[in-house]
Amino acid sequence: MGNNLSQLFPPSPTFTEESLPDLSGKVFIVTGGSSGVGLEVVKRLYHKNGTVYIAARTERTALTLIDQIKAEYPESSGKLVFLYLELSDLSAVKQSATAFLAKEQRLDVLWNNAGLSKPDGRPKTAQGHEIHIGVNCLGPFLFTTLLLPILQKTAALARKDSVRVIWTASQSIDLLAPKHGLSVADLESSDKSPIINYTFSKTGNWFLGSELARRYGKDGIISVTQNPGNLRSNLQRDLTSWMTAILNHTILHDTRFGAYTELFAGLSPTITEAQNGAYIGPWGRMDNKRPTGMAASLKSKEEGGSGNAAEVWEWCERKIKEYM
């Protein structure tokens with residue numbers, strides 16, 4: 001209970017925009033960067049002279065925001081670029097990664113920030129996957145996998161521990177995820193409620209973040225998972241107006257606080273290889289107090305765990321294979 005309360009009502013952030021160094025020469029991607037917490041992250045990176053790719057679906061919206069951000073920070077020497085990204089279609093995800101690789105020679109931090117929560121009906125992705133698993137897990141997994149070579153290349157040249165992949169989780173993991181951890185059978189089942197599908201997809205993000213650290217930490221890539229906090233964002237767009245009003249006045253916080261969580265995960269110098277694979281809570285705190293069954297899921301069978309995270313990674317590999 002104490003851990004859940006601290007996620008609902010976190011202490012004040014210690015890593016904010018004032019903590020950021022000059023980011024000249026650094027290249028970043030923020031998926032879902034045209035709204036909500038992603039937009040707040042984009043603004044702060046650009047303000048500090050970073051080159052920021054806003055990976056989103058709607059070019060017109062992104063280009064309008066780019067003009068607004070440039071006007072807000074006229075002193076910045078950074079760069080803002082729209083990158084089309086449709087996570088519900090793996091073919092489109094591959095095209096997005098290819099477009100980025102054609103433009104840049106480095107990538108310092110990838111924020112897998114974009115996400116989907118409880119849409120109406122039971123829609124599927126272009127490849128027929130349950131929409132939460134497709135958009136929140138498979139799409140980001142393929143995008144990240146395709147960008148691994150440039151992340152490895154950058155890590156070989158950049159400051160140690162500065163090249164990172166950030167995955168986005170949710171407090172729903174602690175509240176609703178299976179106590180035994182997430183299994184491949186959970187991902188393939190299609191008869192669950194939207195909130196459970198969302199929770200499973202966020203648990204999948206955590207597992208993928210942990211496994212990326214395990215598999216690519218040797219290459220100098222830091223991979224961490226963060227819960228940005230309970231925020232007023234587009235994720236509540238499918239809730240009824242009275243539910244949103246209650247949440248807004250009780251447990252939801254301004255999106256800038258979520259940006260502090262994500263910026264801590266991506267840029268705080270306190271995160272080193274010793275924290276690779278860590279889980280970060282709002283507003284930028286190490287938070288590895290997960291239920292026993294979930295913690296065991298992150299360990300391999302050789303380490304005394306269930307190996308669930310590795311199995312989820314391998315399941316995702318199989319699903320994206322033809323798009324590599």
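The protein has 12 helices and eight strands; helices (H or I, at least four residues) and strands (E, at least two) are DSSP runs, numbered from the N terminus. This is a predicted model, in which local features need pLDDT of at least 70 and side-chain atom pairs count only at pLDDT 80 or more, while totals for chains, interfaces and linings use all residues. Residues are numbered from 1 along each chain as its sequence is written, and side-chain values use heavy atoms, with hydrogens and water left out.

Colour by accessibility. Of the 324 residues, 59% count as buried (under 20% relative accessible area; exposed is over 50%, partly exposed in between; 1.4 Å probe, protein chains only). Among contacts (heavy atoms within 4.5 Å) between residues at least 6 apart in sequence, 76% join residues at least 24 apart.

**Nonpolar cores**

Select Ile29, Phe100, Leu107, Phe143, Leu147 and Phe207. Of the 56 residues in the largest nonpolar core, these touch the most other members. A nonpolar core is a set of buried Ala, Val, Leu, Ile, Met, Phe, Trp, Tyr and Cys residues joined through side-chain atoms within 4.5 Å. Helix α5 (residues 131-155) contributes the most to this core, 14 residues. Now centre on Leu107: leaving aside neighbours within four places in sequence, its contacts include Val27, Phe28, Ile29, Phe100 and Leu147. Another core, of 34 residues, lies apart from the largest one; among its members are Tyr73, Leu263, Ala265 and Ile271.

**Helices α8 and α12**

Next, show α8 with helix α12 (residues 308-320). Their axes are 9 Å apart and they pack at an angle of about 90 degrees. Axes are lines fitted to C-alpha atoms, for helices over the stretch in contact, and angles run from 0 to 180 degrees between N-to-C directions. The two helices, α8 and α12, are therefore roughly perpendicular (65 to 115 degrees; under 35 is roughly parallel, over 145 roughly antiparallel, the rest oblique). Residues making the contact include Phe207, Arg215 and Tyr216 of α8 and Val312 and Trp313 of α12.

Stay on Tyr216: ring pairs link Phe141, Tyr216 and Trp313 into a cluster. Lys218 lies over the face of Tyr216, 5.3 Å from the ring centre; the criterion is NZ of Lys or CZ of Arg within 6 Å of the ring centre and within 35 degrees of the ring normal.

**Aromatic pairs**

The structure holds nine aromatic pairs. Rings of Phe, Tyr and Trp (its six-membered ring) pair if their centres lie within 6.5 Å; planes under 30 degrees apart count as stacked, over 60 as edge-to-face and the rest as tilted. Pick Trp206 and Tyr279, an edge-to-face pair at 5.4 Å centre to centre with 75 degrees between the planes. Trp206 is in helix α8 (residues 194-216) and Tyr279 in strand β7 (residues 279-281), 73 residues apart. Trp206 and Tyr279 are buried.

Then pick Phe257 and Trp283: their centres are 5.2 Å apart and their planes at 40 degrees, so this pair is tilted. Phe257 belongs to helix α10 (residues 255-267), and Trp283 to the loop between β7 and β8 (285-286). Phe257 and Trp283 are both buried.

**Backbone stops**

Most residues other than glycine have a negative phi, and most peptide bonds are trans. A cis peptide bond joins Pro282 and Trp283, with omega about -10 degrees. Asn49 has phi near 75 degrees and sits in the loop between α2 (36-47) and β2 (51-56). Asp161, in the loop between α5 and β5 (164-168), has a positive phi of about 70 degrees.
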